[in-house]
Amino acid sequence: MDLLSSEHVKKRQTKLSFKWENDVAAIDINMGCPKEFSIKGGMGAALLSQPDKVRQILTTLVENVRKPVTCKIRLCPTLEETLHFCHLVESCGVAAVAIHGRRKEERPRHANHNDIIREIAHQISIPVIANGGSMDISSNADVERFRSETGCSSVMLARSAQWNASIFRKDGILPTNDVIRAYLKYAVDYDNTYENSKYCIQQILHEQLQTSLGFSFKATKSMADICQLWDMEGYLRDVTAARKQMETSLKRLHAASEADDGGRKHLKAAADDDNDNHVQMRVKFVRSDFREDKLPKTLLLEWRRRVRQPPAPFHTEERPSDRQFRSTVELDGKKYSSSLWAKSKKYAEHAAAIVCLRHLGVLSETVSSEQDTVESNGCVISTESCHAIEDV
C-alpha cells in the first residue's frame, strides 16, 4: 500500500510543514540524493521514478502552505524523461526547480551535464536553479559562468561554498586562513561544539589536509587546540571568561529572585491554579548537555517502556508575541512542564521531559560523572555522557 496516498499521511505532511514555515523562506523537497540509504528508503532520487507520489507530495504542500515550495532533482536516464519529469513538477505549482546535472548513478568525478540543464531551462516556464558545478567553481566569476552556460536564473552550490564561503565575493575569494579565522570567531561566540567546528574547518582546509597545517589540525583534541593553530587562543579565553562571568551574574540574579519569593527552591514543584496535579519547575533544556541517543524525551520513553507503559503525550503552546514555546507532558494523571518558555517546540518538549524525570526520581538534578546511572521503581537508566542540566 502506498502510504502517501492515505489522507492521514497527507494531513501529517501538511502539519509538519506548518510547524516550520514561519522559520524558513521556502520549503524544498530533495528528489536528487543518490545515496544508498535514500534510495532504499524511497527518498531522494528514488522519487524520480515515482511520478504519482511526486505529484501528491508537491500538490499537497503547494495547496496547504503559504511559503514557496521548490524541489531539487537529478537527471533522468534521458533528456526526454527528464523533461517529462520537469513538466510534471511544473504542473504542481512549485516556485522553482533545482537540477543537479548528473544522473543517479553518476558521482562528482563525472562531468556535470550543463547542456542538458540548459535545454530544460529553455523549455519550462518556472525558474531553474543550476546545481552540480562545484568541481569547476573556484571564484565568483566561475559562479556566473556556470549560470550563463546552463541558462538558468540562479545557481545552487554546496561543496565549493563549504571549501571557501568567500566564493560569493565579487571582489575575489579570501585566503583560506582568513576564512577559518572568521569562522572560528562565530564558533567561539556562539559556543559551537568542538566536533562540529572541526568538521566544518576540515571542509575549508580541503586540499590542504595533507600539508603540515592539515596534519596539525587533524591532531587537535579540543576547541583550544584549534584556536591555537590560528592564533586565536586569546580570543577563546576572553570570550569564555566573559561567558562564565555572565553565567555567574545570572545565577546570582536567580538566587536573589528566589529569596524574594519567600525562599522557595527554584526546583520545587508548584501547584497549578487550575489543577493541583500540575508539577512545574524552572528548567531549561541545553542541547550540548545531552548525547544524541540520550535526550530527555528518549530517556522518558525508555523509562515508560521499561515499566511497560505507553509513551506519554506532549501538548505544546506557542506564544504569538515572540514565537516561544512551552510544553506539557501528561503522565498517570499528572502534568509536568517548565515555567520557562523555549525557542522551539522540540526544546520545550525536552524541558517538560526533564521536569517529569526529575519529579519521578528517574533523572537526578546533576549527573556528576559520565558513568553515573539513576534508578527508579527498579528500572536503571544509564545517563552516560549526560552532563548537568542547566537551571535558570
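Analyst: Accessible areas come from the Shrake-Rupley method with a 1.4 Å probe, and for residues only the protein chains shown count as cover. Here the accessible surface of the protein comes to about 22,100 Å², of which 51% belongs to carbon and sulfur atoms. This is a predicted model, in which local features need pLDDT of at least 70 and side-chain atom pairs count only at pLDDT 80 or more, while totals for chains, interfaces and linings use all residues. Residues are numbered from 1 along each chain as its sequence is written, and side-chain values use heavy atoms, with hydrogens and water left out.

User: What share of the 392 residues is buried?

Analyst: A residue is buried under 20% relative accessible area, exposed over 50%, and partly exposed in between (1.4 Å probe, protein chains only). In this protein, buried residues make up 40% of the 392.

User: Is Q203 buried or exposed?

Analyst: Q203 counts as buried because its relative accessible area is 16%. Helices (H or I, at least four residues) and strands (E, at least two) are DSSP runs, numbered from the N terminus; Q203 has its place in helix α9, residues 194-205. Contact means heavy atoms within 4.5 Å. Apart from neighbours within four places in sequence, Q203 is in contact with Q162 and W163.

User: Is L253 buried or exposed?

Analyst: L253 counts as exposed, because its relative accessibility is 56%. L253 is found in helix α12, residues 233-260.

User: How many helices and strands are there in the protein?

Analyst: The protein has 14 helices and 11 strands.

User: In what order do the four strands of the open sheet lie?

Analyst: Two strands pair if DSSP finds at least two bridges between them. The open sheet of four strands runs β6-β9-β8-β7, with mixed pairing. Its edge strands are β6 (278-281) and β7 (314-319), each of which pairs on one side only. Between β6 and β9 (residues 334-338) the pairing is parallel, over four bridges. Within that strand, S338 is the bridge partner of M281.

User: Which helix packs on the sheet?

Analyst: Helix α14 (residues 345-360) packs on the sheet and touches β6, β7, β8 (324-331) and β9. For directions, axes are lines fitted to C-alpha atoms, for helices over the stretch in contact, and angles run from 0 to 180 degrees between N-to-C directions. The direction of α14 makes about 40° with that of β8.
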